[in-house]
Amino acid sequence: MERPNWAPGDIDLERPSVARVYDYWLGGAHNFAADRAVAQQTLETMPELRGVVLNHRAFLRRAVRYLLGHGVRQFLDLGSGIPTVGNVHEIAQAADPQARVVYVDIDPVAVAHSRSLLAGNGQVSVLHADIRDWAGVLASDEVDKQLDFDEPVAVLMIALLHFVPDEEDPWGIVGGYRDRLSPGGFLAISHAGYEADEETEASRQARKIYDRDVTRMRFRDPAEISRLFDGFALVEPGVVRVPAWRPESPADVEESGKRFPGFGAIGRKA
Amino acid sequence: MTDRVDQRVREDRSPLSPAVLAGAEAFARSWATAVIGSSYVPMTRAEVAQHLQDLTETLVEALFATPFRTAPGYEIGSRLVDAHFTGTDTLGRTIQLLGDDLPAELGFPGDARLTSRLSALQGALAAGYARALRERTLAEQEAIRAAVLDARDQAESMLRASEARFRAMFTEAAIGIGIAAIDGRILDVNQALQDMLGFSVEEMRQYNVRDLMHPEDAGSVWRLYDQLIAGECDHYRAEKRFHRADGEQVWTHLTLSLVRDDHGEPQYQVAMIEDVTDRHLLQNRLRYQALHDPLTGLPNRALFLERLGRVFNNRAKHVRAGLCYLDLDGFKVINDSLGHDTGDQLLVEVGRRLDHSVSGEGKLVARMGGDEFVILVEGSSGEQDIVDVADRVLTELEAPIRIAGHELSVSASIGIVERQLSGTTSADLMRDADITLYWAKADGKARWALYDPERNAREVARFTLSATMPRALERGEFYVEYQPLVRLEDSTVTGVEALVRWQHPEFGRLAPDRFIELAEETGLIVPLGRWVLRKACQEARRWLVEFGDAAPFVSVNLAVRQSRDPELVRDVKQILDECALPPHHLQLELTESAIMGTADEPLEALRALCDMGVRIAIDDFGTGYSNLAYLKHLPVHELKIAGSFMEGLRAENEEDPVDAQIVATLVQLAHALSLGVTAEGVETPAQAARLLRLGCDTGQGWFFARPGPPENIDSLLRGDL
């Protein structure tokens, strides 16, 4: 982190925010003109992008349901963004009102919004932090209050790590969280990516806009994503296209096609 | 809320016929396909289908209800938004699908009454959807704006907290901190700085940074300040003194930093000032101790060398400086006889007198150690300046020094060097002063000596010769020349004197007066003399073989040290044997002092040589102080009269009666003792004639022949001349 954490960053509504652009794509109105402008411009270049975003969100839902089904009641949602709809605590607490969630995001507005939305929900905390600082996150009061690492905890990194370039060592960051988990803990990741040489011209253009106006992205191939699961045993079906990970309906897979630009997986710590 | 509505729908489902229900289900499937993917809905595809089927059933019931109401349509629109079917295409696709597909799916295509009712419900659905979406959008916009405000509040409160922390840091810091504008106006100072300088904030704000200039500030402090203000450097550190309000001084370690604005323009300057007065004073004391002699309190060697180095560093082109290198005469005796305590007190007094006599700008008296002192005079105008200083010092030291009841008279020797600094170094100066001090000692002490480059050059040359002589002997740089000894009566060559020469690679051909004395000092004379002796004996043998009875004897000089060499007799005998030379073909020449002023042992050696048959001659006779009575008992065969007596006999027409008388007397003396007489330095025919008349036996000198290679002697013997 460049700034020490006691020096607050500027809140500049003229600058698009990842969280708010994402919210717009999901059909939300938690966004401003600058966010919408970029979101629309990107969509014009790559209309299928909305579907991509919906699929990552849907992966989150399926992942949380899978984890609930495997006894997980504690979730650490990294890069949680704007709590648009279908948030982790809604899914989890629908299944078990005692489920606990810690949301972590770097965007101060997303954090403020999450906090106001969650005021009164004692099982959920929102942490304003940079997820790359895994040690800081794990040592935070919020994590300390909500999560008991002796019991299974699931770390969620949904549509997140493609914003972390190689030089910031995403593998090391994941490793930091992994080492805190007990055996039986889980890691869920969805990540933008292609098989080698698969990227289309349109998506390259869209990525350029996004790189320039919002934040840089690093697409990774399945091998690189698999390496993020070092120390975990991948659950079936392993690292696959996001829509193809335990689809709820065969139609979901067909619709998104086999060239979906992103992969998802869940690993269980050995 | 969604759940509650769903419950109600299910309760009301029963009135519809199975056929209509099947149609509704088919429509719901189409509807789901049309709207899925237009926005994110947190449901599975099946859940979406179920949800839409419930809505379809509600719609179908409303279509057939009596009385007909549009309210359910409105509610369905609203519930679509509630379930987050908020994508931009959702409503359009829904309305179109209702109009196109629903009547056919329900089995009533073209029914005008139903079409009319459907249109009314479509309108209500659109209105309900629009209303709900508007509310939802407004709510979300409201929420996100509130979140922005919250986030800003949070950020600001953090900013305030951090500001408070900084303020506390500034206020409570133990180090002095001051902030000033770029023009130097002081804006704020913390408590530590107020305490350090003794001024309040209000007082400090009256000042400009430049008012804090101190006369002792290093030039770099303010040069760097100007650079910092100009934005050329971002910070610098310096040692700096400040005046306190009470007039005292504070030594500080200052770090000045430039604060720039967002555009990189200089905005503020921040000074961090640490009071290092105590450390500074301690350092000063330690430095003083390190640089001063604890006994006399004078600067020590280190300080002197530092100062000397500075003189050389700062030198302008024609600046001169001088040194007196002083050493007490006989100090060791005082120390040894009266004790070190007295010696120390003496040194203290000497130091005091030196300091007293040479005090003044540009002069430094230092104790170099032991009883050595040095006086440095910067900016002298010539040698006389330093000579004056030395005279003053010597005068000052004349008065006896009373220590513990003793009246001690001390004197000192002083080496003086004075010169222009360009072209020389401090090391040169020190070395030359040291050498000159040695001269003053050698010249008799209690005096000064002035550095003399020629004398130095001579000594250096002497030193060089003495150092290179051993190797010269090995390399064969020496050679021997021979000068005939001629019987005056018939001009027969009876003998030859062997004279050693040195063909020096650097200095050229050197006569014995340049190196024999050195060889005596170093002891090399013994091997050198042995070498000459062997060389001469070899030549003598050659002549003997070649010329038989006409062959000359060789006369070889024996230095004092050689004459005392216990191996002398054995060496001579061995060489004679080697060369198969009869002993009477060898004559050894010794000076008067070598023979007279000696103990018994050399004399015994001479006797042994004499007994062996070797001739002994006294060289340079008449210049020493010979004991004539003693002479009678010496094993001597020949006297060689020094060339200096020949001066008066030189001219053709007149002679010096004294010289003539001396020579005559010496000849008579020799003959009275049955000794032969050789006159050296015979240069004119007149001299030769007079010497013959006076009864002198043999002559040697340029008149007969100059020294030369052995071949010259061959020629002489053959009568080639």
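## The five-stranded sheet in chain B

Let's start with the sheet in this predicted model. Chain B has an open sheet of five strands, and their order is β7-β8-β6-β11-β12, with mixed pairing. At the edges sit β7 and β12 (448-450) of chain B, each of which pairs on one side only. If you ignore direction, neighbouring strands in this sheet are turned by 20 degrees against each other on average.

Which way do β11(B) and β12(B) run relative to each other, parallel or antiparallel? Strand β11 (residues 412-420) of chain B runs parallel to β12(B), and three bridges join the two. To spot the pairing in the structure, look for B:Gly415, which stands opposite B:Ala449 in β12(B).

Now zoom in on strand β8 (residues 372-378) of chain B. How many of its seven residues are buried? Five of them are, so the strand is mostly covered.

β8(B) has a pairing with strand β6 (residues 320-328) of chain B, in the antiparallel sense and over seven bridges. Here B:Gly322 has B:Val377 of β8(B) as its bridge partner. Strand β7 (residues 363-369) of chain B also runs antiparallel to β8(B), joined to it by six bridges. In that pairing, B:Leu364 stands opposite B:Leu376 in β8(B). β7(B) and β8(B) make a hairpin, with two residues between them. One residue to look for in the turn is B:Gly370, with a positive phi of about 55 degrees.

Helix α14 (residues 383-396) of chain B packs on it, touching β6, β8, β11 and β12 of chain B. The direction of α14(B) makes about 165 degrees with that of β11(B). Helix α15 (residues 426-442) of chain B lies across β6, β11 and β12 of chain B, and runs at about 145 degrees to β11(B).

## A helix pair in chain B

Next, find helix α2 (residues 18-35) and helix α5 (residues 90-106), both in chain B: their axes come within 10 Å and cross at roughly 155 degrees. Angles over 145 degrees count as roughly antiparallel, so that is how α2(B) and α5(B) lie relative to each other. Their crossing is right-handed.

Who makes the contact? From α2(B), the residues include B:Val20, B:Ala26, B:Phe27 and B:Trp31, while those from α5(B) include B:Arg93, B:Leu97, B:Asp101 and B:Leu106. Sorted by class, this contact has nine nonpolar, four polar and three charged residues.

## One buried residue: B:Ile76

B:Ile76 sits in helix α4 (residues 71-82) of chain B. Why does B:Ile76 count as buried? A residue needs 20 or more C-beta neighbours within 10 Å to be called buried, and B:Ile76 has 25.

Leaving out residues up to four places away in sequence, B:Ile76 touches B:Leu55, B:Thr58, B:Leu59, B:Leu125 and B:Gly128. B:Thr56 is 20 residues from B:Ile76 along the chain, yet their C-alpha atoms are separated by 8.7 Å.

## Where chains A and B meet

Finally, look at the contact between the two chains. It takes 27 residues from chain A and 27 residues from chain B. On the chain A side, α3 (49-69), α5 (108-118) and α11 (250-256) each supply at least two residues. Which of chain A's helices gives the most to this side? That would be α5(A), with six residues. By class, the side of chain A that touches chain B has 14 nonpolar, nine polar and four charged residues.

Technical notes. Residues numbered from 1 in each chain as written. Chains lettered and ligands numbered in written order. Predicted model: local features only at pLDDT ≥ 70, side-chain atom pairs only at ≥ 80, totals over all residues. Axes fitted to C-alpha atoms, helices over the stretch in contact; angles between N-to-C directions. Helix = DSSP H or I, 4+ residues; strand = E, 2+ residues; numbered from the N terminus. Parallel < 35°, antiparallel > 145°, perpendicular 65-115°, else oblique. Left-handed = near helix turned anticlockwise from the far one by under 90°. Contact = placed C-beta atoms within 7 Å. Nonpolar A, V, L, I, M, F, W, Y, C, P; charged D, E, K, R; others polar. Buried ≥ 20, exposed ≤ 12 C-beta atoms within 10 Å, placed from the backbone. Pairing = 2+ DSSP bridges.
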